[in-house]
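User: Please take me through the terms used for this model and set each one against its definition.

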Amino acid sequence: MLHVGFSRHHADWNWQGVSSPFTRLFLVTEGEAKIHLPSEVVTLRPGHAYMVPAYVPHSYECHGDFALYYLHVYEEFKSEAGILEAFDFPTEVCADELDKAAFAAICHTYQDAALPSNNPAIYDNTTGMACSIERYHALPLHDKMRLRGFALTLFARFIKHAQPRVWNKDERIIRVMLHIRAHITDTITLDELASIACVTKSYLIRLFTHTMGMSPVRYVNRKKMERAQLMLLTEQVPVKEVAYRLGFSDHSYFIRLFHQTVGISPQEYRRRNGKE
């Protein structure tokens with residue numbers, strides 16, 4: 001968990017071009033606002049909960065009084081992250097009193113985890129991410145377990161209405177996906193993925209592309225670039241070191257791939273997020 005809290009707005013929740021390496025959950029209690037997503041515009045209404053996945057660009061629009069609980073989850077834990085990737089989640093679900101009580105309990109217990117500002121440019125940066133992660137790791141085990149219980153209660157509301165993704169029904173693809181997740185910081189080859197899937201390399205490429213809508217190489221690179229964004233925000237290491245830790249022997253290629261995927265260079269990404 002990075003942040004949790006309750007906030008009230010008066011036509012001041014209007015941030016543009018937000019994209020972060022963590023998942024956001026909202027539960028609206030009063031008023032209305034909108035989230036502009038790449039494929040839809042969602043109206044946020046009282047009594048409903050909302051999910052915005054990590055790395056999804058979006059914008060907020062609010063023209064009146066608006067109040068909501070929020071929870072920002074850093075996808076560090078393999079079980080939760082696996083669940084988030086294995087299902088297509090609805091953006092909106094009906095919430096009940098248990099969901100509201102879970103939010104209220106987290107907010108009461110972890111008051112120091114509230115956002116320092118409602119402006120993503122202030123909290124969604126290197127210093128903010130690093131401090132939030134450090135705060136979580138400093139919690140005693142019983143507090144971590146309690147927090148995870150509350151968070152899973154909230155995610156369960158979305159799981160109830162989620163649909164398994166196609167790859168989640170093929171054991172071969174499941175094995176490949178688990179391997180990629182576990183070894184994302186290593187050099188991952190088509191030969192090893194084909195061996196894990198127990199198919200030929202050419203068949204793996206066809207199977208993976210048909211199932212995932214992209215080649216296994218492109219998928220691995222996309223996940224590495226997502227991890228790179230997280231590392232650039234949370235670790236005080238040179239870009240060359242980030243490339244090395246992600247299995248790239250040629251950091252120039254890493255920079256080109258990052259720019260192609262994210263739209264800006266790693267250096268610019270850090271500059272925009274308060275690193276440099």
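Predicted model: local features only at pLDDT ≥ 70, side-chain atom pairs only at ≥ 80, totals over all residues.

User: What makes β1 and β7 paired strands?

Analyst: Strands are DSSP runs of E with at least two residues, numbered from the N terminus, as are helices (H or I, at least four residues). Two strands pair if DSSP finds at least two bridges between them. Eight bridges join β1 to β7 (residues 65-74), and therefore the two strands count as paired; they run antiparallel. Within β7, L68 is the bridge partner of S7.

User: Which strands stand at the edges of the sheet that contains β1?

Analyst: The order of this open, antiparallel sheet of five strands is β1-β7-β2-β5-β9. Its edge strands are β1 (3-10) and β9 (92-94), each of which pairs on one side only. On average, neighbouring strands here are turned by 25° against each other, direction ignored.

User: Why is one side of β4 and of β6 left without a neighbour in the sheet?

Analyst: The order in this open sheet of three strands is β4-β3-β6, with antiparallel pairing. β4 (41-44) and β6 (59-61) are at the edges and have a single partner strand each, so one side of each lacks a neighbour in the sheet. Between β3 (residues 33-36) and β4 there are four bridges, and I35 stands opposite V42 in β4.

User: Is T23 buried or exposed, and how do you know?

Analyst: T23 lies in strand β2 (residues 22-31). Buried means under 20% relative accessible area, exposed over 50%, and partly exposed in between (1.4 Å probe, protein chains only). T23 has 1% relative accessibility and therefore counts as buried.

User: Why are α7 and α8 called roughly perpendicular?

Analyst: Axes are lines fitted to C-alpha atoms, for helices over the stretch in contact, and angles run from 0 to 180 degrees between N-to-C directions. Angles under 35 degrees count as roughly parallel, over 145 as roughly antiparallel, 65 to 115 as roughly perpendicular and the rest as oblique. The axes of α7 (residues 190-197) and α8 (residues 201-212) cross at roughly 80° and come within 9 Å; the helices are therefore roughly perpendicular to each other.

User: Which residues of α7 and α8 meet?

Analyst: With contact taken as heavy atoms within 4.5 Å, L190, D191, L193, A194 and A197 in α7 meet K201, L204 and I205 in α8.

Technical notes:
Residues numbered from 1 in each chain as written. Heavy atoms only, no water.
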